[in-house]
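Please keep the sequence and the 3D view open while going through the points.

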Amino acid sequence: METHTLPQLKKDLQVQAKKGLDFILAAGLLWLAIAWLWTLDYSAYNSSIFTFMISGLMLPLAFGFSKLLNTKWTLKNNLLQPLGLWLNVAQVIYFPFLIYVLVREPDYFLMAYAIITGAHLFPYAWLYEEWGYAVASVLISVGGLLLALYLETDNFWLIPVFTSIMLFLLAGRIYRSWKTTAQRSDRILVGS
């Protein structure tokens, strides 16, 4: 069995998984749908429940984008490949806090969800060697808080609009970064 260094495993994952671009595009679309949902005439509690339901579309949407973008979700010989999934599942550990907000202060559910979404992106900056993840993580988390502090609750639908915009900007950054990484990898393979 061939052994690889940590930097080699990371580069392979970055190129094959396209730095998680499929998931970021899916999340951007979902947050747009969530924004639309919160403009409808439902209570904050019901909108929060529907937000949970819509969020269940994340994996199917990401899978669809992976087919369009030809990304790989499993890399048999890369020991780092499962880490991406584990980092994503870590977000679920924050859900008790989200449920507390849902039950006690449903108007602030969107803020809490945006902060959790933003915060869970941070470790991907290391995994994919992409500073855009760290920047987006901070901007989404702090931006969600600031919007909740300064907006009237009737305008909280702007929180998911903001989150979606940040995710699409991150997707653009990831795509440019991935192309550079892939081109470098191709040059290394050709030179070998």
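1. Basis of the note. This is a predicted model, in which local features need pLDDT of at least 70 and side-chain atom pairs count only at pLDDT 80 or more, while totals for chains, interfaces and linings use all residues. Residues are numbered from 1 along each chain as its sequence is written, and side-chain values use heavy atoms, with hydrogens and water left out.

2. Helix α2 against helix α4. Helix α2 covers residues 21-37 and helix α4 covers residues 58-69, and their axes come within 8 Å and cross at roughly 130 degrees. The helices are DSSP runs of H or I with at least four residues, numbered from the N terminus; the axes are lines fitted to C-alpha atoms over the stretch in contact, and the angles run from 0 to 180 degrees between N-to-C directions. That angle makes α2 oblique to α4, where angles under 35 degrees count as roughly parallel, over 145 as roughly antiparallel, 65 to 115 as roughly perpendicular and the rest as oblique. The crossing of α2 and α4 is right-handed, a word used when the near helix is turned clockwise from the far one by less than a right angle.

3. Residues between α2 and α4. On the α2 side the contact includes L21, F23 and L25, and on the α4 side it includes M58, L59 and F65, with contact meaning heavy atoms within 4.5 Å. By class, the contact of α2 with α4 has 13 nonpolar, 1 polar and 1 charged residues. Here Ala, Val, Leu, Ile, Met, Phe, Trp, Tyr, Cys and Pro count as nonpolar, Asp, Glu, Lys and Arg as charged, and the others, Gly among them, as polar.

4. Helix α2 against helix α3. Helix α3 (residues 44-55) packs with α2 at an angle of about 155 degrees, and the two axes are 10 Å apart. This makes α2 roughly antiparallel to α3, and the crossing of α2 and α3 is right-handed. L30, A33, I34 and L37 of α2 make the contact with S47, F50, T51, I54 and S55 of α3, and by class the contact of α2 with α3 has 6 nonpolar, 3 polar and no charged residues.

5. Helix α2 against helix α7. How far apart are the axes of α2 and α7? They are 13 Å apart, and the two helices pack at an angle of about 175 degrees, which makes α2 roughly antiparallel to α7. From α2 the contact takes I24, W31 and I34, and from α7 it takes L110, Y113, A114, T117 and L121; these residues divide into 7 nonpolar, 1 polar and no charged.

6. S141 and A119. S141 lies in helix α9 (residues 131-150), while A119 lies in helix α7 (residues 109-121). Is S141 buried or exposed? S141 is buried, with a relative accessible area of 14%, whereas A119 is partly exposed at 34%; buried means under 20% relative accessible area, exposed over 50% and partly exposed in between, with a 1.4 Å probe and protein chains only. The side chain of S141 reaches the backbone nitrogen of A119 at 3.2 Å. Not counting residues up to four places away in sequence, S141 touches I115, G118 and A119, and A119 touches S137 and S141.

7. L145. L145 is also placed in helix α9, and at 37% relative accessibility L145 counts as partly exposed. Leaving aside residues up to four places away in sequence, L145 touches M111 and I115. L145 and Y108 are 37 residues apart in sequence, and 9.6 Å apart in space from C-alpha to C-alpha.

8. Q91. Q91 is in the loop between α5 (81-89) and α6 (95-104), and Q91 is buried, with a relative accessible area of 14%. With residues up to four places away in sequence not counted, Q91 touches I116, T117 and H120.

9. Two positive phi values. Most residues other than glycine have a negative phi. K18, which is not a glycine, has a positive phi of about 50 degrees; K18 sits in the loop between α1 (6-16) and α2 and is buried, with a relative accessible area of 14%. E129 is also a residue other than glycine with a positive phi, near 50 degrees; E129 is found in the loop between α8 (124-127) and α9 and is partly exposed, with a relative accessible area of 38%.

Conventions
A polar contact is a pair of N or O atoms within 3.5 Å; within protein, one must be able to donate a hydrogen and the other to accept it, and residues adjacent in sequence count only if both atoms are side-chain atoms.
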